[in-house]
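Here is a short briefing to keep beside you while you turn the model around on your screen. Have the sequence open too, and we will go from single residues to the whole chain and back.

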Amino acid sequence: MSVFTPVTSEALADWLRRYAIGRLAQLQGISAGVQNSNFFVTTTLGRYVLTLFETIPRAELPFYLHLMAHLARHGLPVPAPIADRDNEYLGTLSGKPAVLVARLTGQSDMTPAPARCARVGAMLAGLHLAGLSYGRRQDNPRGAAWRSATAAQVRPFLPADEQGLLDAELAFQAAAAGEELPEGVIHADLFRDNILWDGEHIGGVIDFYFAGVDALLFDVAVTVNDWCTLPGGELDETRTRALLDAYHAERPFTAAERKAWPAMLRAAALRFWLSRAADFHLPREGELVLVKDPNEYRDILRLRARAVPPLVEAGR
Ligand SMILES: Nc1ncnc2c1ncn2[C@@H]1O[C@H](COP(=O)(O)OP(=O)(O)O)[C@@H](O)[C@H]1O
Ligand SMILES: N[C@@H](CCOP(=O)(O)O)C(=O)O
């Protein structure tokens with residue numbers, strides 16, 4: 001559970017006067033998420049999610065908020081940020097940068113069937129295509145430079161065998177960086193808990209606060225590693241095929257991407273092993289704080305270094 005910064009009903013009711021969305025009816029802390037403080041806010045006019053940003057520098061926030069507005073305008077089920085009476089998305093509450101976004105409907109599915117993986121693949125391709133016309137640029141905050149810096153921070157806390165795994169992977173990734181891959185805006189954290197299902201339709205894609213510009217294939221790898229992994233960490237071939245084929249039908253993978261796929265699955269696994277290890281060994285203070293298991297992604301990383309299914313089946 002993550003609420004790092006408390007918000008009182010009195011302070012929120014006062015803050016809401018800046019908006020045109022009615023009076024506060026209900027405020028509830030959200031028991032999920034690891035990065036920001038989130039609350040469900042119900043007013044006399046609608047239902048919203050309030051996010052207080054805990055770590056992202058204020059100057060970087062317009063990239064995310066305008067991206068969400070851009071994608072929503074392109075018909076994707078992304079929460080539109082709410083502008084205040086001065087036409088600003090970003091405000092300040094409890095001393096933190098704060099935003100209200102539309103609350104979307106649906107529930108996340110932690111045991112998705114192949115058909116849902118296919119929908120996610122198609123939606124991810126749509127998100128990448130819509131992102132091509134987004135005018136702002138900000139690098140992936142969890143890209144290669146962040147991975148090297150975070151590896152140095154967490155390495156002293158790891159046992160010897162994990163230090164060896166980490167060193168070998170960093171060396172492998174440095175050697176694998178080669179041909180240029182198609183780039184664009186990526187979500188970068190499209191886990192099962194960041195998609196809300198409304199029946200068989202995707203009702204919401206949330207949590208854009210790791211988005212940035214990077215290889216589109218990195219986003220595909222992040223998504224496959226979460227949506228298509230069996231409990232022991234191996235890839236489920238049916239779900240993997242469903243997701244990749246549906247993506248490929250919307251944005252065909254290039255030859256360079258096919259070649260880079262095994263290394264990209266490993267880069268994506270490394271990213272989440274590192275962030276979870278950093279959250280575990282270097283925790284932040286908070287009222288309700290959720291820490292996810294780093295070993296899950298350590299094991300996924302080990303397994304992806306063995307055989308993985310091809311990005312595109314032979315003959316397609
Ligand atoms: N726009 C939204 N509509 C509906 N529920 C949301 C929305 N945004 C967040 N949530 C809920 O809040 C939870 C935490 O949000 P998330 O963005 O994952 O947190 P964090 O920013 O800490 O990673 C989600 O799992 C979901 O239940
Ligand atoms: N998806 C990441 C952590 C980010 O948490 P989220 O709640 O914002 O998705 C992980 O699983 O490590």
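A residue counts as buried if 20 or more other C-beta atoms lie within 10 Å of its own, as exposed if 12 or fewer do, and as partly exposed in between. Please keep in mind that this is a predicted model. With the cut-offs in hand, let us start with one glycine.

**Gly106, a loop residue**
- Gly106 sits in the loop between strand S5 (96–102) and H3.
- Is Gly106 buried, exposed or partly exposed? Gly106 has 16 other C-beta atoms within 10 Å, so the residue is partly exposed.
- Leaving aside residues up to four places away in sequence, Gly106 touches Leu196, Trp197, Asp198, Gly203 and Gly204.
- Asp279 is 173 residues from Gly106 in sequence, and the two C-alpha atoms are 28 Å apart in space.

**The whole chain**
- The chain holds nine helices and nine strands.
- Its radius of gyration is 20 Å, close to the 20 Å that the globule rule gives for 316 residues, so the chain is as compact as a globular protein of that length.
- Taken along the principal axes, the C-alpha atoms fill a box of roughly 55 × 45 × 35 Å.
- Of the 316 residues, 38% count as buried.
- If you look at contacts between residues at least 6 apart in sequence, 73% of them join residues at least 24 apart.

**Confidence**
- The mean pLDDT of the chain is 94, and 97% of the residues reach 70 or more.
- For the model, ipTM is 0.91 and pTM is 0.94.

- The chain is divided into domain 1 (9–102) and domain 2 (114–304).
- Between the C-alpha centres of domain 1 and domain 2 there are 26 Å.
- Where the domains meet, 21 residues of domain 1 are in contact with 20 residues of domain 2.
- Helix H2 (residues 61–73) gives seven residues to the side of domain 1 that touches domain 2, the largest share.
- That side of domain 1 is made up of 12 nonpolar, eight polar and one charged residues.

**Helix H7 and Thr240**
- Helix H7 (residues 237–250) has 14 residues, which should span 20 Å at 1.5 Å a residue; the end C-alpha atoms are 20 Å apart, so the two values agree.
- Which residues of H7 are buried? They are Arg239, Thr240, Ala242, Leu243, Leu244, Ala246 and Tyr247.
- Their cover includes helix H3 (114–131) and helix H6 (216–227).
- As background, an α-helix has 3.6 residues a turn, so residues three or four places apart point the same way.
- Thr240, found in H7, counts as buried because it has 23 C-beta neighbours inside 10 Å.
- Not counting residues up to four places away in sequence, Thr240 touches Val224, Cys228, Leu235 and Pro309.
- Thr240 and Gly121 are 119 residues apart in sequence, while their C-alpha atoms are 9.5 Å apart in space.

**Two loop residues with positive phi**
- Ala188 belongs to the loop between strand S6 (183–186) and strand S7 (195–198), and its phi is near 75°, a positive value in a residue other than glycine.
- Ala188 counts as buried because 23 C-beta neighbours lie inside 10 Å.
- Asp207 lies in the loop between strand S8 (201–205) and strand S9 (212–215), with a positive phi near 65° in a residue other than glycine.
- Asp207 has 24 C-beta neighbours inside 10 Å and therefore counts as buried.

Technical notes:
Residues numbered from 1 in each chain as written. Chains lettered and ligands numbered in written order. Predicted model: local features only at pLDDT ≥ 70, side-chain atom pairs only at ≥ 80, totals over all residues. Helix = DSSP H or I, 4+ residues; strand = E, 2+ residues; numbered from the N terminus. Expected span 1.5 Å × (residues − 1). Contact = placed C-beta atoms within 7 Å. Domains from an automatic or database assignment. Nonpolar A, V, L, I, M, F, W, Y, C, P; charged D, E, K, R; others polar. Rg over C-alpha atoms; globule rule 2.2 N^0.38 Å. pLDDT = per-residue confidence, 0-100.
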